[in-house]
Amino acid sequence: MTTVLAPVAGAAIGLAAVPDPVFSQAMVGPGRAIDPVRGPVEAVAPISGTIVKLHPHAYVVVGDDGRGVLVHLGIDTVQLKGEGFRLLAAEGDRVGAGQPVVAWNPAAVEAGGRSPVCPVVALDAPADAVGKVAEGGVNAGDALFEWS
């Protein structure tokens with residue numbers, strides 16, 4: 001069992017509510033999303049492990065058990081080419097669950113016409129692998145879902 005933490009504070013919502021079909025239809029895996037608080041925040045590692053992919057707008061942490069969790073900071077934020085994001089870790093770094101990875105401002109993303117909603121995905125997991133999901137308000141570092 002892997003406990004996946006909320007990378008940012010906000011309201012936990014289902015992936016079906018994410019305004020992007022890749023996430024809303026769980027094409028990359030099941031999980032949850034967070035409608036983040038507006039204002040500058042630090043997105044944290046959802047599990048302990050190694051950062052295997054790190055872009056300003058998204059990152060993947062793989063645990064020692066081989067399970068990877070994708071955190072995507074907003075929708076269509078790849079188009080920002082890193083503007084408004086600050087890396088706090090590097091690809092290849094070992095991180096502890098809850099350790100800051102990227103600083104960003106969901107309010108600025110929203111002001112630019114993009115959704116700041118953050119999908120958190122259990123990569124390549126079967127649909128029924130995610131359970132005990134958080135509902136409503138969460139803080140960064142709170143349990144978001146269990147991956148069995």
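## Contacts of His-72

Leaving out residues up to four places away in sequence, His-72 touches Phe-23, His-57, Ala-58, Thr-77, Val-117, Cys-118 and Pro-119. The model is a predicted one. His-72 lies in strand 7, which covers residues 68–72. Its relative accessibility is 12%, so His-72 counts as buried, the limit being under 20%. The side chain of His-72 also reaches the backbone oxygen of Gly-74, at 2.6 Å.

## Overall make-up

The protein has 2 helices and 14 strands. Its radius of gyration is 13 Å, close to the 15 Å that the globule rule gives for 148 residues, so the protein is as compact as a globular protein of that length. The C-alpha trace spans about 35 × 30 × 25 Å along its principal axes.

Of the 148 residues, 48% count as buried. Among contacts between residues at least 6 apart in sequence, 70% join residues at least 24 apart.

## Annotated domain

In an unreviewed UniProt entry, the annotation "domain: PTS EIIA type-1" covers residues 20–124. Over residues 20–124 the chain is 10% helix and 39% strand. The end C-alpha atoms of this stretch are 18 Å apart.

Strand 7, which holds His-72, belongs to an open sheet of 8 strands with the order 9-5-6-7-11-3-2-13 and antiparallel pairing. Strand 9 (94–95) and strand 13 stand at the edges with a single partner strand each, so one side of each has no neighbour in the sheet. Strands of a sheet pair through backbone hydrogen bonds, either parallel or antiparallel.

Strand 5 and strand 6 run antiparallel and are joined by 5 bridges; they form a hairpin with 2 residues between them. Within this pair, Leu-54 stands opposite Tyr-59 of strand 6. Strand 6 is mostly covered, with 4 of its 5 residues buried. Strand 6 then pairs with strand 7, again in the antiparallel sense, over 5 bridges, and Val-61 stands opposite Val-69 of strand 7. The hairpin of strand 6 and strand 7 has 5 residues between the strands, and Gly-66 in this hairpin takes a positive phi near 90°. On to strand 11, strand 7 is joined by 3 bridges, also antiparallel. Here the bridge partner of Val-69 is Ala-122.

In soluble globular proteins, nonpolar side chains tend to be buried together. The largest nonpolar core here has 34 residues, and the members that touch the most others are Tyr-59, Leu-73, Val-101, Trp-104, Leu-144, Phe-145 and Trp-147. Two or more residues of this core come from each of strand 4 (41–44), strand 5 (49–55), strand 6 (58–62), strand 7, strand 10 (100–104), strand 11 (118–122) and strand 14 (143–147). A second, separate core has 10 residues, among them Leu-15, Ala-33, Ala-58 and Leu-70.

Leu-73 has contacts with Ala-43, Pro-56, His-57, Tyr-59, Phe-85, Val-102, Trp-104 and Cys-118, not counting residues up to four places away in sequence. His-57 and Cys-118 are also among the residues touched by His-72.

Strand 1 and strand 14 pair in the antiparallel sense over 4 bridges. In this pairing, Val-4 stands opposite Phe-145 of strand 14. Phe-145 is also one of the residues with the most contacts to other members of the largest core.

## The loop at Lys-132

Lys-132 sits in the loop between strand 12 (130–131) and strand 13 (136–138).

Apart from its neighbours within four places in sequence, Lys-132 is in contact with Leu-144, Phe-145 and Glu-146. The C-alpha atoms of Lys-132 and Glu-146 are separated by 5.6 Å, although the two residues are 14 residues apart along the chain. Of these contact partners, Leu-144 and Phe-145 are named among the most connected members of the largest core.

Methods
Residues are numbered from 1 along each chain as its sequence is written. This is a predicted model: local features need pLDDT of at least 70, side-chain atom pairs count only at pLDDT 80 or more; totals for chains, interfaces and linings use all residues. Side-chain values use heavy atoms; hydrogens and water are left out. UniProt positions are given in the numbering used here, feature names are shortened, and annotations may be inferred rather than shown by experiment. Buried means under 20% relative accessible area, exposed over 50%, partly exposed in between (1.4 Å probe, protein chains only). A polar contact is a pair of N or O atoms within 3.5 Å; within protein, one must be able to donate a hydrogen and the other to accept it, and residues adjacent in sequence count only if both atoms are side-chain atoms. Contact means heavy atoms within 4.5 Å. A nonpolar core is a set of buried Ala, Val, Leu, Ile, Met, Phe, Trp, Tyr and Cys residues joined through side-chain atoms within 4.5 Å. Two strands pair if DSSP finds at least two bridges between them. The radius of gyration is taken over C-alpha atoms; the globule rule is 2.2 Å times the number of residues to the power 0.38.
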